[in-house]
Amino acid sequence: MRIIVRDTAVEAAEHAADLVVDSAGGVLGLATGSSPQPLYAALAARVADGSVDFGRTRGFALDEYVGLDPAHPESYHSIIARDVIGPLGFSPSRVFVPAGSGTLDEVDARALDYDAAIAAAGGVDVQILGIGSNGHIGFNEPGSAADSVTRRVDLAPSTIAANSRFFRSAGEVPVQAVTQGISTILRARSIVLVASGAAKARAVRAAVEGPVGESCPASFLRLHDEVTLCLDSAAASQLG
Ligand code: F6R
């Protein structure tokens, strides 16, 4: 695991962008949330100046809420369209987001197909990740197994509380999501995790220095040979 620390999230995102651009034309794994926004902004700037073209790149989002209309502005379908497809110039037909709407049986059946769709695309070249303050990656909350695949999960109360900032109230935040599993994520050829802010410092320390195991799902990244953590100094502040 390589750890890159920069003073600011924007500087850390520039380093992350250097690691992502080589996979333009390949397959990217796409996180949502606030953490990757400086990275997507850095990539969008490179698209705008003509130094990279994502028009033929395929993308697979990490996760989606269950029971939220895909047209809802906070669905990950909407966010991927807004933050990635538009500014980075991906072709919409080449970007896939787990299905979170429909009956639960339909959601479960489509989750089962997601890993096969990633494999059929040739596998993910670079998986972009954030990290939850409880150590989750994707929505693999503490207790998620190393061999987990894409599936429907319950969100932890702390995740619902954290994500309520995107909704009018905590009561509006979906309580379940479909997420790529830990084993899905670890099948990517390389992984770039971006984290910024003091609220992530404890989770970053647990991921890097704590035991590898289900209590901190991000610690499973230490089982992979090609992982880079791009941190601002606040997120890195508890590393020994
Ligand atoms: C998002 C995702 C989550 C977030 C994490 C951090 O697709 O899978 O793991 O990366 O919850 O969220 P932010 O970046 O909003 O702090």
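Axes here are lines fitted to C-alpha atoms, for helices over the stretch in contact, and angles run from 0 to 180 degrees between N-to-C directions. Helices (H or I, at least four residues) and strands (E, at least two) are DSSP runs, numbered from the N terminus. The model is predicted: local features need pLDDT of at least 70, side-chain atom pairs count only at pLDDT 80 or more, and totals for chains, interfaces and linings use all residues. Residue numbers start from 1 along each chain as its sequence is written.

**Helix α2 and its partners**

- Helix α2 (residues 37-48) packs with helix α3 (residues 76-88) at an angle of about 15°, and their axes are 9 Å apart.
- α2 and α3 are therefore roughly parallel to each other (angles under 35 degrees count as roughly parallel, over 145 as roughly antiparallel, 65 to 115 as roughly perpendicular and the rest as oblique).
- The α2 and α3 crossing is left-handed, meaning that the near helix is turned anticlockwise from the far one by less than a right angle; clockwise would be right-handed.
- On the α2 side, Gln37, Tyr40, Leu43, Ala44 and Val47 make the contact, and on the α3 side Asp83, Val84, Pro87 and Leu88 do (contact: C-beta atoms, placed from the backbone, within 7 Å).
- By class, the contact of α2 with α3 has 7 nonpolar, 1 polar and 1 charged residues (Ala, Val, Leu, Ile, Met, Phe, Trp, Tyr, Cys and Pro count as nonpolar, Asp, Glu, Lys and Arg as charged, and the others, Gly among them, as polar).
- The axes of α2 and helix α1 (residues 9-21) come within 8 Å and cross at roughly 60°.
- That angle makes α1 oblique to α2, and the crossing of these two helices is right-handed.
- From α1, Ala9, Val10, Ala13, Glu14, Ala16, Ala17, Val20 and Val21 meet Pro38, Leu39, Ala42, Leu43 and Arg46 of α2.
- The contact of α1 with α2 has 11 nonpolar, no polar and 2 charged residues.

**Parallel sheet**

- An open sheet of 7 strands has the order β1-β10-β9-β6-β2-β3-β5, with parallel pairing (two strands pair if DSSP finds at least two bridges between them).
- Its edge strands, β1 (2-6) and β5 (95-96), each pair on one side only.
- Strand β2 (residues 27-30) runs parallel to strand β3 (residues 58-61), joined by 4 bridges.
- Leu30 stands opposite Ala61 in β3.

**Antiparallel sheet**

- A further open sheet has 3 strands in the order β4-β8-β7, and the pairing is antiparallel.
- β4 (63-65) and β7 (151-154) are the edge strands, each pairing on one side only.
- From one strand to the next, the twist averages 30°.
- β4 pairs with strand β8 (residues 176-179) in the antiparallel sense over 3 bridges, and Tyr65 stands opposite Ala177 in β8.
- Helix α4 (residues 104-120) packs on this sheet and touches β7 and β8; the direction of α4 makes about 120° with that of β7.

**Ligand surroundings**

- The ligand has 13 residues around it, of which Thr32, Gly33, Ser34, Ser35 and Gly130 come nearest (near: C-beta atom, placed from the backbone, within 6 Å).
- By class, this shell has 4 nonpolar, 8 polar and 1 charged residues.

Definitions and conventions: Contact = placed C-beta atoms within 7 Å.
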